[in-house]
Amino acid sequence: MSNAAVSLPRPASLTLNRWVLLWGLMILVTVVLMMSKESLPWAFKYPRAWQLPLAGWISDFMKWLINSFDLGLFTFKDLTRGLAWLVEQPYTLVRSLLSTGFLSGVGSDAVQVFPRISWLALIAGLMLLGHYARDWKLALLVGGCFGYLVVFGQWDSAMVTLSSIIIAVPIGILGGMLLGILGHRSRGFRMVLIPILDLMQTVPVFAYLVPVLLLFGFSPVSAMIATIIYAMPPMVRVTLLALEHISAEVVEAGSMAGCSRRQLLWKVLLPSAKHSLMVGVNQVVMLSLNMVIIASMIGAGGLGHDVLTALRRLRIGEGVEAGLAITLLAIALDRLSQAYANRPPPMHHTRPPALWQRHPHALVFLVIVGLTWALGVYLPALNTYPESWQITTGAFWGDLVKYINVNYFDTLESFKNFLLLNLMVPFKRFLLSLPWVAVVAMVGLGGWQLGGWRLGLLTASLATFIAIVGLWTKAMVTLYLCGLAVVIACLIGVPIGILAARNERLHRIVGVIIDTLQTLPSFVYLMPVVMLFRVGDFAAMLAVIAYAITPIIRYTDHGIRHIPGELIEAARQVGMTRGQLLHKVQLPLALPHIMLGVNQTIMMALSMLVITALVGTRELGQEVYIALTKADTGRGVVAGVCVAFIAIISDRMIGAWASRRKRELGLE
Amino acid sequence: MSDQPAGERPQSTGAAAKLCCKHVWKIFGDDVPSLIGADGSVDEARFESGDYIGAVRDASFEVHDGETFVIMGLSGSGKSTLLRCMTRLIEPSTGEIHFESEDLMQASEAQLIDMRRHKMGMVFQHFALLPNRSVIGNVALPLEVQGIGKAEREQRALDVIKLVGLEGREQYYPRELSGGQQQRVGIARSLAGEPDIWFLDEPFSALDPLIRREMQDEFMRLQNVLHKTIVFITHDFDEAIRLADRIAIMKDGAIIQIGTPEQLVLHPATDYVEEFTQGIPRAKVLSAGALMRDVDGDNFAGKVHASVSIETQLDAILNADRGAVFAVYDDEYNVVGALPREVVVELLSASQRQE
């Protein structure tokens, strides 16, 4: 008995010792390397002669694709132009309906043949949709959001944006569902699809703006195509998951009913997965809105264009108003699509209702549209909200910034400088002083320890790629900004999550705040930090923290809440205090889930970091951004892939650890 | 028990085989096809030594026309996998499966779909109803996929809904119904295509004990009307005894005994089977025929039927005087043996001692 007790821990300590030994060795080698820096310069700065001119090759390939690639009957350029034309037709139709009205003739000679939908009718329609999807409260929220657009003079831009969303979202949803269904059916296709999805969701958007720009030109259509590429991957994933998670019995019941493969898909699989698929729809809507500002860089126009122009000219007031308009648009569409997804399942009717009883909302909407069109002839205010009724707060925001800068400049500045000098700069210097060889080895060792030698090999090769293409220094700067932002986000987010898990009221309040933060397009975060701290690493870091903090709060809260109630009761029964309960039971058990939250935070931080390139950071994101301004495909794609690789390295390592730990704890 | 008179429930032999499985295997593991020889036999030495899981091992049995064949086993015994092999929802690794005159293993995708539409019905443990369809929509699904017009399929679905006692609920949605009612919908759906063979995969396991009992009665009522050939899966030995004509007991993927409830109780093949039978009151499964002695004299206190269980005739036997002897007659009303009252009393007290 005692023998067994003694001999048990031994294997565990042995394996621990092996890793301790390896890591000790690793640190020793690194220190030795750093002391002999002069004799081994190649280990610190990757020699230019060894670099792979990958960026050049990609750019050359792109040029060949556009200029010389001939598919026989037509050239590649014809193909892309054709695609663009195909997307443009429905877009023009919707934009005429919402924004310009139906015109005949071109340019300034154009005559309006038929007016656009009146703002009054559209708002009424959306409110009816809100009432249909949930209740009058939602209708009022939606009405309020769109009311803001009218009153603050954002209507015209918002309608341009809304038109492209209305076209991009269905294409993204259908395309995503199609790929997901194909992936569900064919194992081979899925094996190809999933790595591409991984890459698509981690490569920063800027990286593929350039090829899209070159292939489709500077126009709203190419902006929509970029939006679709950006918003589609989650829909593919959601479709795959939703189809996979349908209860096996339901699928079998469909087969036993004698469904063919097609009938099984349409009559059984898709209806059963409908609720989960709606989650994907909501994601596509939100990601499309998140793209609004970025897409305006390649010609989207609308609200995104307004924000970008304001940001470039540092016109804070205008930027805030247009940014708020995007946010409210996002909130309204988010709540609408969520409410629609969560509509209660149908109940039986006692008597089959008449047509007008079945569709009262649609009927009322049609009546309002007809009335406003007819009355619009006599009352132009119905068609276009008069400018004299508009209000603006531009001056207020300008004054606010002025006030803050006059009164708090010194405080803010010293706070910023303190953190820069004592934390950020030293950490950055430390990372930059590490030899790349050692960092690659460490990443490989970490992968090996957490997920086996295969993972170690993968992480080491991805890290080596970054060195080979000559972006090591920029990658280290990315690591420094992202790392600091994530650590700070965790230091703030984990305690909030813990408190929210233990207090019902706080949980609800935090929930509302997080939901709102998550609907904000990433660009919006830039505005306040630039207002307060101007450009630079510090402002960028704050924006990244603000953007990336939501998952860590959510996962901590969720992880602690979902510990089995029996365990908590058992812990209370043996007499634990709340503090003991937290650190002996709740935190250890929730840790794998919390780490998944950290992982999400890292992913969001990396994607935000690229956007902060606009406020003057010097990392991989900047590289991508420069490539965009110079329309240099290769440079942008390579830097983008490097960002993706950093994301993949951290995702795989944390994922491997979390799933192993969950297995050990019996949580899966 | 050789020749069955018309209208009687068929016993272990005599009736035509509706479904016939021979040496069916379902093996999970790497490179399973390499285990299987050209003649379909399994390399058992490699199977035992390798890292394989035999979900179904060498299952052979016949299901007769009009019979209720129950496959009983604990969880993980492979009973559900075996059932799905019979419908080819799961592809067996090897073996022969004949349904009526057709070789099911050779059936193409299209033939399989055709058979499922017209000849097979299946009921699932967790009902497997589509939440977006009303009762009638769920029941009509098998007819809908055959391409039958709306009016006709709804009329036919309505007939089946009436049969399972859900008349008036046809416009309800599954979540508006109780578990028992939902399974009635599942049963109605499985019967809508008028199948020849009816598969039930633990249909009552997810229900409360009282409802389960009620549903078993309902099942027996339906079978008295429909006379289907049935393969019924359960993990509940009491349920198996109650419903089965014959029972196959499975353990670790293999069938270890097939027999009537009476045969299992009287002659359990292994200790494992015996353990199941111990809790079963003998009077419930044993027939007068199994207990009778040779006829010795003609002074009988009454008559009992040879092939009917003692339990159903218990009152008459116990109400007789001490020392009474009953005549046991067969289906042709010939006296085939004698049953002394004391034998039954002894049986009852023996099973009470067990409890």
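Start by selecting the two domains of chain B, whose C-alpha centres lie 34 Å apart; the domain bounds used here come from an automatic or database domain assignment. What you have open is a predicted model, in which local features need pLDDT of at least 70 and side-chain atom pairs count only at pLDDT 80 or more, while totals for chains, interfaces and linings use all residues. Residues are numbered from 1 along each chain as its sequence is written, and chains are lettered from A and ligands numbered from 1 in the order in which they are written.

**The two domains of chain B**

Colour residues 17-119 together with 195-280 as domain 1 of chain B, and residues 283-354 as domain 2. Where they meet, seven residues of domain 1 of chain B are in contact with six residues of domain 2 of chain B, two residues being in contact if their C-beta atoms, placed from the backbone, lie within 7 Å. Now select helix α9 of chain B, residues 261-266, which gives the most to the side of domain 1 that touches domain 2, with four residues. Helices (H or I, at least four residues) and strands (E, at least two) are DSSP runs, numbered from the N terminus. That side of domain 1 of chain B divides into five nonpolar residues, one polar and one charged; Ala, Val, Leu, Ile, Met, Phe, Trp, Tyr, Cys and Pro count as nonpolar, Asp, Glu, Lys and Arg as charged, and the others, Gly among them, as polar.

**Chain B as a whole**

Along its principal axes the C-alpha trace of chain B spans about 65 × 60 × 35 Å. Of its 355 residues, 40% count as buried, where buried stands for 20 or more other C-beta atoms within 10 Å of a residue's own, exposed for 12 or fewer, and partly exposed for what lies in between, with C-beta atoms placed from the backbone.

**Strands to follow**

Select strand β1 of chain B, residues 17-28, and strand β2, residues 53-64, which run antiparallel and are joined by eight bridges; two strands pair if DSSP finds at least two bridges between them. Strand β1(B) also pairs with β4(B) in the antiparallel sense, over five bridges. Click on B:Cys21, which stands opposite B:Phe61 in β2(B) and also opposite B:Ile97 in β4(B). Strands of a sheet pair through backbone hydrogen bonds, either parallel or antiparallel.

Next, move to the open sheet of three strands in chain B, with the order β11-β12-β13 and mixed pairing. Its edge strands are β11 (302-305) and β13 (335-340) of chain B, each of which pairs on one side only. Strand β11(B) and strand β12 of chain B, residues 325-329, pair in the parallel sense over four bridges, and B:Gly302 stands opposite B:Phe326 in β12(B).

Most residues other than glycine have a negative phi, and most peptide bonds are trans. Select B:Arg88, in the loop between α2 (79-87) and β4 (94-99) of chain B: although B:Arg88 is not a glycine, its phi is positive, at about 55°. B:Arg88 is partly exposed, with 19 other C-beta atoms within 10 Å. Then go to B:Glu100, in the loop between β4 and β5 (102-103) of chain B, which is not a glycine either and has a positive phi of about 50°. B:Glu100 is partly exposed, with 16 other C-beta atoms within 10 Å.

**Across to chain A**

Finally, show both chains and look at the contact, which takes 25 residues from chain B and 22 residues from chain A. On the side of chain B that touches chain A, α3 (109-118), β6 (120-123) and α4 (135-144) each supply at least two residues, and α3(B) gives the most, with three. The residues of this side of chain B divide into 13 nonpolar, eight polar and four charged.

The C-alpha atoms of chain A fill a box of roughly 90 × 65 × 65 Å, taken along the principal axes, and of its 668 residues, 43% count as buried.
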